[in-house]
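Welcome! Take a moment to turn the model around before you read on, and keep the sequence beside you as you go.

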Amino acid sequence: MARVTVEDCVDKVENRFELVLLASHRARQISQGQAITVDRDNDKNPVVALREIADETLSPGDLKEDLIHSLQKHVEVDEPEAPASAPSIPQTAAAPGALVAADEDDDQPVSFDRMSEEELLAGIEGLVAPEKTEDY
């Protein structure tokens, strides 16, 4: 097969930018040691990746899913929900948002009251940004 061009692959992946992302991801996979699905014919990894996409030996959908997975920093894991009989946090009589600290003599744990979004925003708006100093 002669050198593959982007036009050979555009009918498989319509967006040229997405095609470049998928082909570069596949070329990195090949350079990391994954098996290729077409004959190399003395071609470099990006050309082999484009040939694999053009010959449809790899699914563009699978490549896209693998690319997304490789770029994720945090993968959410479905954790089982806590049972309905979970113990609740004890509420204190302090003002909303106030920190109730235990004295050194007391054995009471530190607890936090809940704060509404409006109270939180009002508290943030009252903060003053630190002055910037130019240290050279």
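This report moves from the whole chain to some of its residues.

## The overall picture

Keep in mind from the start that this is a predicted model. The protein has five helices and two strands. If you follow the chain from its N terminus, the elements come in the order α-α-α-α-β-β-α.

How much of the protein is buried? Of its 136 residues, 19% are buried. The accessible surface amounts to about 11400 Å², and carbon and sulfur atoms account for 53% of that area. Folding also brings together parts of the chain that are separated in sequence: among contacts between residues at least 6 apart, 39% link residues at least 24 apart.

## The nonpolar core

Next, look inside. The largest nonpolar core has 15 residues. Which of its members touch the most others? They are Cys-9, Leu-19, Leu-22 and Ile-53. Three helices each give at least two residues to this core: helix 2 (16-31), helix 3 and helix 4 (60-71).

## A buried glutamate

Now find Glu-52, which sits in helix 3, the stretch covering residues 45-54. Is Glu-52 buried or exposed? Its relative accessibility is 0%, so Glu-52 counts as buried, the limit being under 20%.

What does Glu-52 meet there? Its side chain makes a polar contact of 2.6 Å with the side chain of Arg-26. Setting aside neighbours within four places in sequence, the residues in contact with Glu-52 are Arg-26, Ile-30, Ile-36, Thr-37, Val-38, Thr-57 and Leu-58.

The structure contains five salt bridges, and three of them are described here. To begin, the side chains of Asp-11 and Lys-12 form a salt bridge with an N to O distance of 3.2 Å. Lys-12 is partly exposed, because its relative accessibility is 27%. Asp-11 counts as exposed, because its value is 53%.

The next two involve Arg-51. Asp-41 and Arg-51 meet through their side chains in a salt bridge of 3.4 Å, N to O. What does this pair tie together? Through shared partners, Asp-41, Asp-43 and Arg-51 are joined into one network.

How accessible are the members of this network? Arg-51 is buried, with a relative accessible area of 4%. Asp-43 counts as buried too, at 10% relative accessibility. Asp-41 is partly exposed, since its relative accessibility is 47%.

## Positive phi angles in the loop

Asp-41 is not a glycine, yet its phi is positive, at about 50 degrees. Asn-42 likewise is a residue other than glycine with a positive phi, near 60 degrees.

Where is Asn-42? It lies in the loop between helix 2 and helix 3, and Asp-41 has its place in the loop between those helices as well. Asn-42 is exposed, because its relative accessible area is 74%, whereas Asp-41 counts as partly exposed at 47%.

## A nonpolar patch on the surface

To finish, move to the outside of the model. Which residues form a nonpolar patch on the surface? They are Met-115, Leu-120, Leu-121, Ile-124 and Leu-127. Together they have about 480 Å² of accessible area.

Pick out Leu-121 from this group. Leu-121 is found in helix 5, which spans residues 117-125. With a relative accessible area of 43%, Leu-121 is partly exposed.

Technical notes. Residues are numbered from 1 along each chain as its sequence is written. This is a predicted model: local features need pLDDT of at least 70, side-chain atom pairs count only at pLDDT 80 or more; totals for chains, interfaces and linings use all residues. Side-chain values use heavy atoms; hydrogens and water are left out. Helices (H or I, at least four residues) and strands (E, at least two) are DSSP runs, numbered from the N terminus. Buried means under 20% relative accessible area, exposed over 50%, partly exposed in between (1.4 Å probe, protein chains only). A polar contact is a pair of N or O atoms within 3.5 Å; within protein, one must be able to donate a hydrogen and the other to accept it, and residues adjacent in sequence count only if both atoms are side-chain atoms. Contact means heavy atoms within 4.5 Å. A nonpolar core is a set of buried Ala, Val, Leu, Ile, Met, Phe, Trp, Tyr and Cys residues joined through side-chain atoms within 4.5 Å. Patches are made of residues with over 30% relative accessible area and no salt bridge: like charges are joined within 9 Å, nonpolar side chains (Val, Leu, Ile, Met, Phe, Trp, Tyr) within 5 Å. Accessible areas come from the Shrake-Rupley method with a 1.4 Å probe; for residues, only the protein chains shown count as cover. A salt bridge is a side-chain nitrogen of Lys or Arg within 4 Å of a carboxyl oxygen of Asp or Glu.
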